[in-house]
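I opened this notebook to keep track of how parts of one structure pack together.

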Amino acid sequence: MSELLVVQDLTVTFPTTRGPVDVVRGVSFAVGRDETVGIVGESGSGKSMTSLAIMGLLPKGATTRGSIRLNGTELLGRPDRELRRLRGDQMSMIFQDPLSSLNPYYTVGLQIEEMYRAHRGGTRKAAREVAIRALGHVGLPEPERRVDYYPHQFSGGQRQRVMIAMALVCEPALLIADEPTTALDVTVQAQILRLLAGLQRESGTGLVFITHDLAVISSIATRVLVMRRGEQVEYGTAEQIFAEPEHEYTRMLLESIPRIDDSLDDPPHGSLIGSPDDEVIL
Amino acid sequence: MTLLRAESLTKRFVSRGPLGARAEFTAVDQVSFEVQLGETLAVVGESGSGKSTTARMIAKLMDPTAGTLEFDGEDVTHAKGAALARFRANVQVVFQDPFSSLNPRHTVERILMAPLVYQGIAPKGSRREHAKELMERVGLNPDHSLRYPAQFSGGQAQRIGIARALAVNPKLVICDEAVSALDVSVQAQVIELLRRLQRESGFSYVFIAHDLAVVRQIAHRVAVMSKGRIVEIGPARQVFDDPQDEYTRTLLAAIPRIDPEWDRRRRERS
(Lines give C-alpha, C1' and ligand atoms only; values in the text may rest on other atoms or scores of the structure.)
Protein backbone atom coordinates (compact mmCIF):
# COMPACT_ATOMS: atom_id res chain seq x y z
CA MET A 1 0.00 0.00 0.00
CA SER A 2 1.53 3.31 -1.02
CA GLU A 3 1.17 5.99 1.61
CA LEU A 4 -0.85 9.06 0.75
CA LEU A 5 -0.21 11.00 3.92
CA VAL A 6 2.88 10.61 6.07
CA VAL A 7 3.06 12.46 9.38
CA GLN A 8 6.43 12.27 11.11
CA ASP A 9 7.32 13.45 14.56
CA LEU A 10 4.70 16.19 14.48
CA THR A 11 4.85 18.64 17.37
CA VAL A 12 2.43 21.54 17.77
CA THR A 13 3.29 24.25 20.27
CA PHE A 14 1.15 27.05 21.65
CA PRO A 15 2.53 30.08 23.45
CA THR A 16 0.84 30.65 26.80
CA THR A 17 1.38 33.12 29.63
CA ARG A 18 3.20 30.33 31.42
CA GLY A 19 5.50 29.64 28.48
CA PRO A 20 5.16 27.40 25.41
CA VAL A 21 2.98 24.28 25.71
CA ASP A 22 3.19 21.31 23.36
CA VAL A 23 -0.39 20.27 22.60
CA VAL A 24 0.88 17.60 20.19
CA ARG A 25 4.20 15.92 20.88
CA GLY A 26 6.06 13.74 18.40
CA VAL A 27 3.15 12.10 16.63
CA SER A 28 3.86 9.84 13.63
CA PHE A 29 1.43 7.93 11.45
CA ALA A 30 0.55 7.29 7.83
CA VAL A 31 -2.58 6.98 5.72
CA GLY A 32 -2.63 4.87 2.59
CA ARG A 33 -4.68 5.59 -0.50
CA ASP A 34 -8.01 3.93 -0.07
CA GLU A 35 -7.44 3.52 3.67
CA THR A 36 -9.21 4.75 6.80
CA VAL A 37 -7.04 5.65 9.76
CA GLY A 38 -8.71 6.40 13.06
CA ILE A 39 -7.38 8.82 15.66
CA VAL A 40 -8.94 8.27 19.09
CA GLY A 41 -8.47 10.06 22.35
CA GLU A 42 -10.34 11.80 25.13
CA SER A 43 -10.69 15.56 25.46
CA GLY A 44 -7.38 17.34 25.42
CA SER A 45 -5.59 14.45 23.72
CA GLY A 46 -4.52 16.58 20.76
CA LYS A 47 -6.46 14.65 18.13
CA SER A 48 -8.18 17.69 16.68
CA MET A 49 -4.97 19.77 16.75
CA THR A 50 -3.26 17.03 14.75
CA SER A 51 -5.91 17.26 12.06
CA LEU A 52 -5.85 21.05 11.99
CA ALA A 53 -2.06 20.90 11.58
CA ILE A 54 -2.49 18.68 8.51
CA MET A 55 -5.02 21.10 7.02
CA GLY A 56 -2.84 24.11 7.88
CA LEU A 57 -5.72 25.51 9.92
CA LEU A 58 -4.06 25.86 13.31
CA PRO A 59 -4.92 29.02 15.25
CA LYS A 60 -2.54 31.95 14.96
CA GLY A 61 0.53 31.72 17.16
CA ALA A 62 0.79 27.94 17.01
CA THR A 63 4.11 26.62 15.75
CA THR A 64 4.79 23.22 14.23
CA ARG A 65 7.80 20.94 13.95
CA GLY A 66 8.26 17.64 12.20
CA SER A 67 6.93 16.73 8.79
CA ILE A 68 3.57 16.26 7.08
CA ARG A 69 3.78 14.98 3.52
CA LEU A 70 0.80 14.61 1.23
CA ASN A 71 1.56 12.65 -1.91
CA GLY A 72 5.24 13.19 -1.18
CA THR A 73 4.95 16.98 -0.89
CA GLU A 74 5.85 18.63 2.41
CA LEU A 75 2.93 20.69 3.80
CA LEU A 76 4.55 22.21 6.88
CA GLY A 77 6.01 25.62 6.25
CA ARG A 78 4.19 26.21 2.99
CA PRO A 79 2.67 29.63 2.52
CA ASP A 80 -1.01 29.97 3.30
CA ARG A 81 -1.77 30.90 -0.32
CA GLU A 82 -0.60 27.48 -1.49
CA LEU A 83 -2.36 25.64 1.31
CA ARG A 84 -5.58 27.39 0.42
CA ARG A 85 -5.27 25.99 -3.08
CA LEU A 86 -4.80 22.49 -1.69
CA ARG A 87 -7.66 22.70 0.81
CA GLY A 88 -10.90 21.57 -0.74
CA ASP A 89 -9.04 20.28 -3.77
CA GLN A 90 -6.40 17.82 -2.54
CA MET A 91 -7.61 17.58 1.02
CA SER A 92 -10.94 18.33 2.70
CA MET A 93 -12.30 18.31 6.18
CA ILE A 94 -15.70 17.83 7.78
CA PHE A 95 -16.55 18.77 11.34
CA GLN A 96 -18.86 17.70 14.13
CA ASP A 97 -21.30 20.56 13.70
CA PRO A 98 -22.30 21.11 10.08
CA LEU A 99 -24.57 24.00 10.98
CA SER A 100 -21.62 26.10 12.07
CA SER A 101 -19.63 25.13 8.97
CA LEU A 102 -22.36 26.20 6.53
CA ASN A 103 -23.32 29.78 5.80
CA PRO A 104 -26.95 30.21 6.88
CA TYR A 105 -27.56 32.99 4.31
CA TYR A 106 -26.77 30.98 1.18
CA THR A 107 -28.39 27.93 -0.29
CA VAL A 108 -26.30 24.78 -0.02
CA GLY A 109 -26.13 24.65 -3.83
CA LEU A 110 -24.50 28.05 -3.98
CA GLN A 111 -21.95 27.04 -1.35
CA ILE A 112 -21.01 23.86 -3.16
CA GLU A 113 -20.80 25.75 -6.49
CA GLU A 114 -18.53 28.37 -4.94
CA MET A 115 -16.22 25.71 -3.60
CA TYR A 116 -16.11 23.87 -6.90
CA ARG A 117 -15.53 26.93 -9.05
CA ALA A 118 -12.80 28.24 -6.76
CA HIS A 119 -10.73 25.19 -7.66
CA ARG A 120 -12.02 24.07 -11.04
CA GLY A 121 -13.48 27.21 -12.58
CA GLY A 122 -16.19 26.77 -15.22
CA THR A 123 -19.61 28.31 -15.53
CA ARG A 124 -22.14 28.62 -12.75
CA LYS A 125 -24.49 26.47 -14.72
CA ALA A 126 -21.96 23.65 -14.96
CA ALA A 127 -21.11 24.00 -11.28
CA ARG A 128 -24.80 23.75 -10.40
CA GLU A 129 -25.01 20.46 -12.27
CA VAL A 130 -21.98 19.25 -10.29
CA ALA A 131 -23.63 20.31 -7.02
CA ILE A 132 -26.85 18.48 -7.86
CA ARG A 133 -24.89 15.34 -8.74
CA ALA A 134 -22.85 15.65 -5.50
CA LEU A 135 -26.00 15.96 -3.36
CA GLY A 136 -27.55 12.94 -5.06
CA HIS A 137 -24.35 11.01 -4.55
CA VAL A 138 -24.52 11.36 -0.76
CA GLY A 139 -28.03 9.97 -0.72
CA LEU A 140 -30.16 13.10 -0.50
CA PRO A 141 -33.48 12.50 -2.24
CA GLU A 142 -34.60 15.00 -4.90
CA PRO A 143 -31.23 16.77 -5.21
CA GLU A 144 -32.60 19.02 -8.01
CA ARG A 145 -34.92 20.58 -5.44
CA ARG A 146 -32.68 20.44 -2.38
CA VAL A 147 -29.88 22.26 -4.14
CA ASP A 148 -31.90 25.44 -3.52
CA TYR A 149 -32.50 24.74 0.18
CA TYR A 150 -30.89 26.73 2.97
CA PRO A 151 -28.95 24.85 5.68
CA HIS A 152 -31.74 25.23 8.26
CA GLN A 153 -34.13 23.35 6.01
CA PHE A 154 -32.18 20.14 6.52
CA SER A 155 -32.07 17.79 9.51
CA GLY A 156 -28.76 17.18 11.33
CA GLY A 157 -27.98 14.02 9.40
CA GLN A 158 -28.89 15.61 6.07
CA ARG A 159 -26.65 18.59 6.84
CA GLN A 160 -23.76 16.25 7.47
CA ARG A 161 -24.51 14.69 4.09
CA VAL A 162 -24.36 18.15 2.54
CA MET A 163 -20.97 18.72 4.19
CA ILE A 164 -19.70 15.42 2.86
CA ALA A 165 -20.96 16.31 -0.63
CA MET A 166 -19.14 19.62 -0.45
CA ALA A 167 -15.94 18.06 0.90
CA LEU A 168 -15.84 15.48 -1.85
CA VAL A 169 -16.95 17.62 -4.80
CA CYS A 170 -13.36 18.13 -6.04
CA GLU A 171 -12.52 14.47 -5.41
CA PRO A 172 -9.74 15.14 -2.88
CA ALA A 173 -7.07 12.55 -2.19
CA LEU A 174 -7.53 13.00 1.57
CA LEU A 175 -10.62 13.57 3.70
CA ILE A 176 -10.35 14.38 7.39
CA ALA A 177 -13.51 13.79 9.39
CA ASP A 178 -13.39 15.27 12.89
CA GLU A 179 -16.11 13.69 15.05
CA PRO A 180 -18.51 13.73 12.07
CA THR A 181 -21.14 11.56 13.75
CA THR A 182 -20.80 12.65 17.38
CA ALA A 183 -23.75 15.03 17.34
CA LEU A 184 -26.01 12.62 15.48
CA ASP A 185 -28.57 10.15 16.74
CA VAL A 186 -27.34 6.58 16.75
CA THR A 187 -29.51 5.44 13.82
CA VAL A 188 -28.41 8.44 11.74
CA GLN A 189 -24.81 7.83 12.79
CA ALA A 190 -25.03 4.32 11.39
CA GLN A 191 -26.26 5.73 8.05
CA ILE A 192 -23.49 8.32 7.83
CA LEU A 193 -20.81 5.73 8.69
CA ARG A 194 -22.14 3.47 5.96
CA LEU A 195 -22.17 6.39 3.53
CA LEU A 196 -18.57 7.40 4.32
CA ALA A 197 -17.32 3.83 4.03
CA GLY A 198 -19.15 3.38 0.73
CA LEU A 199 -17.92 6.64 -0.80
CA GLN A 200 -14.40 5.88 0.31
CA ARG A 201 -14.38 2.44 -1.26
CA GLU A 202 -15.74 3.90 -4.47
CA SER A 203 -13.38 6.87 -4.80
CA GLY A 204 -10.23 5.59 -3.11
CA THR A 205 -9.98 8.66 -0.91
CA GLY A 206 -7.71 8.35 2.12
CA LEU A 207 -9.80 9.00 5.24
CA VAL A 208 -8.64 10.22 8.63
CA PHE A 209 -11.46 9.63 11.09
CA ILE A 210 -11.18 11.41 14.43
CA THR A 211 -13.41 10.38 17.30
CA HIS A 212 -13.60 9.75 21.02
CA ASP A 213 -15.73 6.67 20.34
CA LEU A 214 -13.70 3.46 20.12
CA ALA A 215 -16.63 1.40 18.92
CA VAL A 216 -17.14 3.72 15.96
CA ILE A 217 -13.43 3.57 15.10
CA SER A 218 -13.41 -0.22 15.27
CA SER A 219 -16.15 -0.39 12.68
CA ILE A 220 -14.49 1.89 10.13
CA ALA A 221 -10.69 2.08 10.52
CA THR A 222 -7.94 -0.25 9.31
CA ARG A 223 -5.22 1.47 11.35
CA VAL A 224 -5.70 3.27 14.66
CA LEU A 225 -3.69 5.92 16.49
CA VAL A 226 -4.44 6.32 20.20
CA MET A 227 -3.57 9.73 21.66
CA ARG A 228 -3.44 11.08 25.20
CA ARG A 229 -2.38 14.50 26.44
CA GLY A 230 -0.78 15.34 23.10
CA GLU A 231 1.19 12.14 22.89
CA GLN A 232 0.96 9.09 20.75
CA VAL A 233 0.11 6.21 23.05
CA GLU A 234 -0.16 3.44 20.52
CA TYR A 235 -0.39 3.01 16.75
CA GLY A 236 -1.20 -0.15 14.87
CA THR A 237 -3.79 -2.07 12.90
CA ALA A 238 -7.31 -1.99 14.32
CA GLU A 239 -6.98 -5.65 15.18
CA GLN A 240 -3.76 -5.05 17.16
CA ILE A 241 -5.21 -2.10 19.04
CA PHE A 242 -8.49 -3.78 19.93
CA ALA A 243 -7.39 -7.40 20.41
CA GLU A 244 -3.81 -6.99 21.61
CA PRO A 245 -3.37 -3.51 23.04
CA GLU A 246 0.18 -2.99 24.27
CA HIS A 247 -0.35 0.09 26.34
CA GLU A 248 -2.01 0.30 29.74
CA TYR A 249 -3.97 3.42 28.71
CA THR A 250 -5.44 1.72 25.64
CA ARG A 251 -6.50 -1.22 27.78
CA MET A 252 -8.07 1.15 30.30
CA LEU A 253 -9.96 2.98 27.54
CA LEU A 254 -11.25 -0.30 26.15
CA GLU A 255 -12.30 -1.42 29.63
CA SER A 256 -14.19 1.84 30.18
CA ILE A 257 -16.46 1.54 27.16
CA PRO A 258 -19.97 0.68 28.24
CA ARG A 259 -20.97 -2.50 26.40
CA ILE A 260 -24.47 -3.04 25.22
CA ASP A 261 -23.97 -6.75 25.84
CA ASP A 262 -23.04 -6.32 29.51
CA SER A 263 -25.77 -6.00 32.09
CA LEU A 264 -26.16 -4.56 35.56
CA ASP A 265 -25.13 -7.81 37.19
CA ASP A 266 -21.77 -7.93 35.45
CA PRO A 267 -18.71 -6.72 37.37
CA PRO A 268 -18.54 -2.94 37.43
CA HIS A 269 -16.49 -1.12 34.87
CA GLY A 270 -13.60 1.09 35.68
CA SER A 271 -11.92 -1.28 38.10
CA LEU A 272 -8.60 -0.32 36.52
CA ILE A 273 -9.29 3.35 36.81
CA GLY A 274 -7.75 5.66 39.37
CA SER A 275 -9.48 8.22 41.53
CA PRO A 276 -11.24 11.32 40.19
CA ASP A 277 -8.32 13.40 41.37
CA ASP A 278 -6.20 11.84 38.65
CA GLU A 279 -8.15 13.76 36.03
CA VAL A 280 -6.27 16.59 34.45
CA ILE A 281 -7.69 20.04 34.53
CA LEU A 282 -6.83 21.91 31.38
CA MET B 1 -43.43 0.24 46.72
CA THR B 2 -44.49 2.56 43.93
CA LEU B 3 -42.69 5.87 44.34
CA LEU B 4 -43.69 7.70 41.21
CA ARG B 5 -46.64 7.10 38.92
CA ALA B 6 -47.09 8.96 35.64
CA GLU B 7 -50.50 8.47 34.09
CA SER B 8 -51.11 9.56 30.48
CA LEU B 9 -48.69 12.48 30.78
CA THR B 10 -49.08 14.71 27.74
CA LYS B 11 -47.33 17.91 26.70
CA ARG B 12 -48.48 19.99 23.76
CA PHE B 13 -46.68 23.08 22.58
CA VAL B 14 -48.57 25.74 20.67
CA SER B 15 -46.79 28.16 18.38
CA ARG B 16 -48.08 30.97 16.24
CA GLY B 17 -46.88 31.45 12.70
CA PRO B 18 -46.12 34.87 11.16
CA LEU B 19 -49.75 35.32 10.13
CA GLY B 20 -51.11 34.16 13.46
CA ALA B 21 -51.70 30.62 12.26
CA ARG B 22 -51.88 28.21 15.19
CA ALA B 23 -49.59 25.22 15.07
CA GLU B 24 -49.71 22.51 17.69
CA PHE B 25 -47.00 20.02 18.45
CA THR B 26 -47.40 17.09 20.82
CA ALA B 27 -43.98 16.52 22.38
CA VAL B 28 -45.15 13.86 24.83
CA ASP B 29 -48.23 11.83 24.06
CA GLN B 30 -50.03 9.95 26.85
CA VAL B 31 -46.98 8.51 28.55
CA SER B 32 -47.57 6.22 31.54
CA PHE B 33 -45.05 4.49 33.77
CA GLU B 34 -44.22 3.72 37.39
CA VAL B 35 -40.97 3.92 39.31
CA GLN B 36 -40.48 1.65 42.32
CA LEU B 37 -38.46 2.76 45.32
CA GLY B 38 -34.81 1.74 44.89
CA GLU B 39 -34.96 0.99 41.18
CA THR B 40 -33.55 2.73 38.13
CA LEU B 41 -35.89 3.39 35.26
CA ALA B 42 -34.07 4.53 32.13
CA VAL B 43 -35.91 6.55 29.52
CA VAL B 44 -34.12 6.30 26.20
CA GLY B 45 -34.76 7.78 22.79
CA GLU B 46 -33.28 9.84 19.99
CA SER B 47 -33.53 13.60 19.64
CA GLY B 48 -37.12 14.77 19.56
CA SER B 49 -38.42 11.59 21.18
CA GLY B 50 -39.82 13.55 24.12
CA LYS B 51 -37.56 12.05 26.77
CA SER B 52 -36.31 15.40 28.09
CA THR B 53 -39.80 16.90 28.14
CA THR B 54 -40.90 13.85 30.12
CA ALA B 55 -38.01 14.41 32.53
CA ARG B 56 -38.95 18.06 32.98
CA MET B 57 -42.56 17.17 33.71
CA ILE B 58 -41.76 14.56 36.35
CA ALA B 59 -39.23 16.97 37.90
CA LYS B 60 -42.07 19.52 38.08
CA LEU B 61 -40.04 21.97 36.04
CA MET B 62 -42.86 22.02 33.48
CA ASP B 63 -46.59 21.44 33.81
CA PRO B 64 -48.20 18.71 31.72
CA THR B 65 -51.00 19.65 29.32
CA ALA B 66 -52.89 16.56 30.46
CA GLY B 67 -52.38 13.52 32.64
CA THR B 68 -51.49 13.05 36.28
CA LEU B 69 -48.34 12.65 38.31
CA GLU B 70 -48.35 10.91 41.66
CA PHE B 71 -45.44 10.88 44.06
CA ASP B 72 -45.40 8.75 47.18
CA GLY B 73 -49.15 8.22 46.90
CA GLU B 74 -49.92 11.92 46.59
CA ASP B 75 -51.23 13.67 43.48
CA VAL B 76 -48.60 16.30 42.69
CA THR B 77 -49.77 17.19 39.17
CA HIS B 78 -50.72 20.69 40.24
CA ALA B 79 -48.74 20.88 43.48
CA LYS B 80 -47.90 24.39 44.66
CA GLY B 81 -46.51 26.03 47.80
CA ALA B 82 -45.88 23.66 50.69
CA ALA B 83 -46.80 20.55 48.68
CA LEU B 84 -44.33 21.52 45.95
CA ALA B 85 -41.61 22.24 48.52
CA ARG B 86 -42.20 18.77 49.99
CA PHE B 87 -41.88 17.30 46.50
CA ARG B 88 -38.61 19.16 45.88
CA ALA B 89 -37.19 17.86 49.16
CA ASN B 90 -37.60 14.36 47.75
CA VAL B 91 -36.93 14.74 44.05
CA GLN B 92 -33.66 16.15 42.73
CA VAL B 93 -32.21 16.57 39.25
CA VAL B 94 -28.69 16.14 37.87
CA PHE B 95 -28.25 17.89 34.53
CA GLN B 96 -25.96 17.21 31.59
CA ASP B 97 -23.64 20.17 31.90
CA PRO B 98 -22.40 20.63 35.47
CA PHE B 99 -20.74 23.95 34.68
CA SER B 100 -23.98 25.59 33.62
CA SER B 101 -25.92 24.16 36.55
CA LEU B 102 -23.44 25.17 39.26
CA ASN B 103 -23.08 28.84 40.20
CA PRO B 104 -19.56 29.79 39.05
CA ARG B 105 -19.25 32.45 41.78
CA HIS B 106 -20.06 30.13 44.67
CA THR B 107 -17.60 27.80 46.35
CA VAL B 108 -18.42 24.10 46.42
CA GLU B 109 -19.16 24.43 50.13
CA ARG B 110 -21.73 27.14 49.49
CA ILE B 111 -23.28 25.17 46.61
CA LEU B 112 -23.67 22.11 48.81
CA MET B 113 -24.97 24.06 51.80
CA ALA B 114 -27.72 25.82 49.83
CA PRO B 115 -30.16 22.88 49.73
CA LEU B 116 -29.54 22.29 53.46
CA VAL B 117 -30.53 25.88 54.14
CA TYR B 118 -33.62 25.87 51.89
CA GLN B 119 -34.90 22.62 53.24
CA GLY B 120 -33.85 23.45 56.82
CA ILE B 121 -32.02 20.17 57.07
CA ALA B 122 -28.78 20.20 59.04
CA PRO B 123 -28.67 22.74 61.91
CA LYS B 124 -26.64 25.87 61.27
CA GLY B 125 -23.39 24.92 62.97
CA SER B 126 -23.13 21.52 61.29
CA ARG B 127 -23.79 22.49 57.66
CA ARG B 128 -20.13 22.98 56.82
CA GLU B 129 -19.36 19.49 58.14
CA HIS B 130 -22.32 18.10 56.20
CA ALA B 131 -21.03 19.65 52.96
CA LYS B 132 -17.65 18.02 53.50
CA GLU B 133 -19.26 14.64 54.16
CA LEU B 134 -21.20 15.00 50.90
CA MET B 135 -17.94 15.66 49.05
CA GLU B 136 -16.43 12.52 50.54
CA ARG B 137 -19.45 10.46 49.58
CA VAL B 138 -19.04 11.35 45.92
CA GLY B 139 -15.28 10.78 45.97
CA LEU B 140 -14.10 14.38 46.12
CA ASN B 141 -11.40 15.65 48.44
CA PRO B 142 -13.21 17.62 51.23
CA ASP B 143 -10.13 19.84 51.55
CA HIS B 144 -11.21 21.39 48.23
CA SER B 145 -14.50 22.67 49.63
CA LEU B 146 -13.49 26.32 49.18
CA ARG B 147 -12.70 25.95 45.48
CA TYR B 148 -14.94 27.20 42.69
CA PRO B 149 -16.55 24.98 40.03
CA ALA B 150 -14.13 26.17 37.33
CA GLN B 151 -11.26 24.69 39.33
CA PHE B 152 -12.60 21.19 38.79
CA SER B 153 -12.55 18.91 35.76
CA GLY B 154 -15.82 17.94 34.02
CA GLY B 155 -16.09 14.65 35.88
CA GLN B 156 -15.36 16.26 39.23
CA ALA B 157 -17.88 19.04 38.57
CA GLN B 158 -20.52 16.42 37.78
CA ARG B 159 -19.72 14.83 41.16
CA ILE B 160 -20.48 18.19 42.77
CA GLY B 161 -23.83 18.24 40.94
CA ILE B 162 -24.54 14.73 42.25
CA ALA B 163 -23.53 15.71 45.79
CA ARG B 164 -25.89 18.68 45.65
CA ALA B 165 -28.73 16.39 44.57
CA LEU B 166 -27.97 14.07 47.48
CA ALA B 167 -27.81 16.87 50.06
CA VAL B 168 -31.53 16.66 50.86
CA ASN B 169 -31.46 12.86 51.04
CA PRO B 170 -33.93 12.48 48.16
CA LYS B 171 -36.07 9.48 47.30
CA LEU B 172 -35.77 10.10 43.57
CA VAL B 173 -32.90 11.49 41.52
CA ILE B 174 -33.62 12.39 37.90
CA CYS B 175 -30.47 12.23 35.76
CA ASP B 176 -30.97 14.08 32.48
CA GLU B 177 -28.09 12.95 30.23
CA ALA B 178 -25.93 13.21 33.35
CA VAL B 179 -22.95 11.33 31.92
CA SER B 180 -23.32 12.17 28.21
CA ALA B 181 -20.78 14.98 28.12
CA LEU B 182 -18.04 13.06 29.93
CA ASP B 183 -15.03 11.30 28.45
CA VAL B 184 -15.45 7.55 28.39
CA SER B 185 -13.03 6.78 31.26
CA VAL B 186 -14.59 9.47 33.45
CA GLN B 187 -18.06 8.34 32.40
CA ALA B 188 -17.32 4.83 33.67
CA GLN B 189 -16.29 6.27 37.04
CA VAL B 190 -19.40 8.41 37.37
CA ILE B 191 -21.70 5.52 36.43
CA GLU B 192 -20.01 3.41 39.08
CA LEU B 193 -20.49 6.24 41.58
CA LEU B 194 -24.21 6.53 40.76
CA ARG B 195 -24.63 2.78 41.24
CA ARG B 196 -22.75 2.81 44.55
CA LEU B 197 -24.81 5.72 45.90
CA GLN B 198 -28.02 3.87 45.08
CA ARG B 199 -26.75 0.71 46.80
CA GLU B 200 -25.86 2.75 49.87
CA SER B 201 -29.01 4.86 50.13
CA GLY B 202 -31.72 2.92 48.31
CA PHE B 203 -33.23 5.81 46.34
CA SER B 204 -34.58 5.60 42.79
CA TYR B 205 -33.22 7.01 39.55
CA VAL B 206 -35.02 8.11 36.46
CA PHE B 207 -32.12 8.02 34.04
CA ILE B 208 -32.69 9.93 30.81
CA ALA B 209 -30.16 9.04 28.09
CA HIS B 210 -29.67 8.57 24.39
CA ASP B 211 -26.81 6.10 24.81
CA LEU B 212 -28.19 2.59 25.19
CA ALA B 213 -24.85 1.07 26.16
CA VAL B 214 -24.63 3.48 29.10
CA VAL B 215 -28.22 2.68 30.06
CA ARG B 216 -27.40 -1.00 30.13
CA GLN B 217 -24.84 -0.32 32.88
CA ILE B 218 -27.34 1.25 35.24
CA ALA B 219 -30.98 0.50 34.45
CA HIS B 220 -33.24 -2.09 36.05
CA ARG B 221 -36.06 -1.21 33.70
CA VAL B 222 -36.04 0.63 30.39
CA ALA B 223 -38.65 2.72 28.58
CA VAL B 224 -37.95 3.37 24.90
CA MET B 225 -39.50 6.56 23.54
CA SER B 226 -40.08 7.58 19.95
CA LYS B 227 -42.05 10.54 18.66
CA GLY B 228 -43.49 11.36 22.07
CA ARG B 229 -44.70 7.88 22.92
CA ILE B 230 -43.31 4.96 24.90
CA VAL B 231 -42.97 2.22 22.32
CA GLU B 232 -41.62 -0.39 24.71
CA ILE B 233 -41.13 -0.66 28.46
CA GLY B 234 -39.83 -3.59 30.48
CA PRO B 235 -36.98 -5.11 32.47
CA ALA B 236 -33.60 -4.06 31.01
CA ARG B 237 -32.62 -7.61 30.18
CA GLN B 238 -35.79 -8.15 28.19
CA VAL B 239 -35.65 -4.87 26.28
CA PHE B 240 -31.99 -5.35 25.37
CA ASP B 241 -31.93 -9.09 24.72
CA ASP B 242 -35.41 -9.69 23.37
CA PRO B 243 -36.84 -6.38 22.12
CA GLN B 244 -40.46 -6.63 21.04
CA ASP B 245 -40.82 -3.36 19.21
CA GLU B 246 -39.49 -2.72 15.71
CA TYR B 247 -38.07 0.69 16.63
CA THR B 248 -36.21 -0.73 19.66
CA ARG B 249 -34.67 -3.32 17.38
CA THR B 250 -33.54 -0.66 14.89
CA LEU B 251 -32.07 1.39 17.71
CA LEU B 252 -30.15 -1.56 19.16
CA ALA B 253 -28.90 -2.65 15.75
CA ALA B 254 -27.52 0.81 15.02
CA ILE B 255 -25.15 0.82 18.02
CA PRO B 256 -21.55 0.53 16.89
CA ARG B 257 -19.87 -2.47 18.48
CA ILE B 258 -16.33 -3.67 18.81
CA ASP B 259 -15.73 -7.04 17.15
CA PRO B 260 -16.56 -9.53 19.96
CA GLU B 261 -13.73 -11.76 18.75
CA TRP B 262 -11.26 -8.91 19.39
CA ASP B 263 -12.80 -8.33 22.81
CA ARG B 264 -12.48 -11.99 23.68
CA ARG B 265 -8.83 -12.14 22.65
CA ARG B 266 -8.04 -9.01 24.63
CA ARG B 267 -9.69 -10.36 27.77
CA GLU B 268 -7.81 -13.63 27.47
CA ARG B 269 -4.49 -11.80 27.30
CA SER B 270 -5.04 -9.67 30.36
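My entries on chains, domains and helices follow.

**Entry 1, ground rules.** I noted that this is a predicted model, in which local features need pLDDT of at least 70, side-chain atom pairs count only at pLDDT 80 or more, and totals for chains, interfaces and linings use all residues. Residues are numbered from 1 along each chain as its sequence is written, chains are lettered from A and ligands numbered from 1 in the order in which they are written, and side-chain values use heavy atoms, with hydrogens and water left out.

**Entry 2, chain B against chain A.** I looked up the contact (heavy atoms within 4.5 Å) and found 44 residues from chain B and 45 residues from chain A. The two chains bury about 4,100 Å² between them, 54% of it on carbon and sulfur atoms. Buried area is the accessible area (1.4 Å probe) that two parts lose on being put together, summed over both. On the chain B side, B:Ile258, B:Trp262 and B:Arg266 supply 16% of the area buried against chain A, more than any other three residues.

In chain A, 15 residues of domain 1 are in contact with 14 residues of domain 2. These domains bury about 1,200 Å² between them, 65% of it on carbon and sulfur atoms. Of the area that domain 1 buries against domain 2, A:Asp89, A:Leu195 and A:Leu199 supply 36%, more than any other three residues.

Helices are DSSP runs (H or I, at least four residues), numbered from the N terminus. Axes are lines fitted to C-alpha atoms over the stretch in contact, and angles run from 0 to 180 degrees between N-to-C directions. The axes of H4(A) (residues 108-120) and H7(A) (residues 156-168) come within 9 Å and cross at roughly 20 degrees. H4(A) and H7(A) are therefore roughly parallel (under 35 degrees). The contact is made by A:Val108, A:Gln111, A:Ile112 and A:Met115 of H4(A) and A:Val162, A:Ala165 and A:Met166 of H7(A).

The axes of H4(B) (residues 108-118) and H5(B) (residues 127-137) come within 9 Å and cross at roughly 110 degrees. H4(B) and H5(B) are therefore roughly perpendicular (65 to 115 degrees). Residues in this contact include B:Leu112 and B:Leu116 of H4(B) and B:Ala131 and B:Leu134 of H5(B).

Technical notes: Helix = DSSP H or I, 4+ residues; strand = E, 2+ residues; numbered from the N terminus. Parallel < 35°, antiparallel > 145°, perpendicular 65-115°, else oblique.
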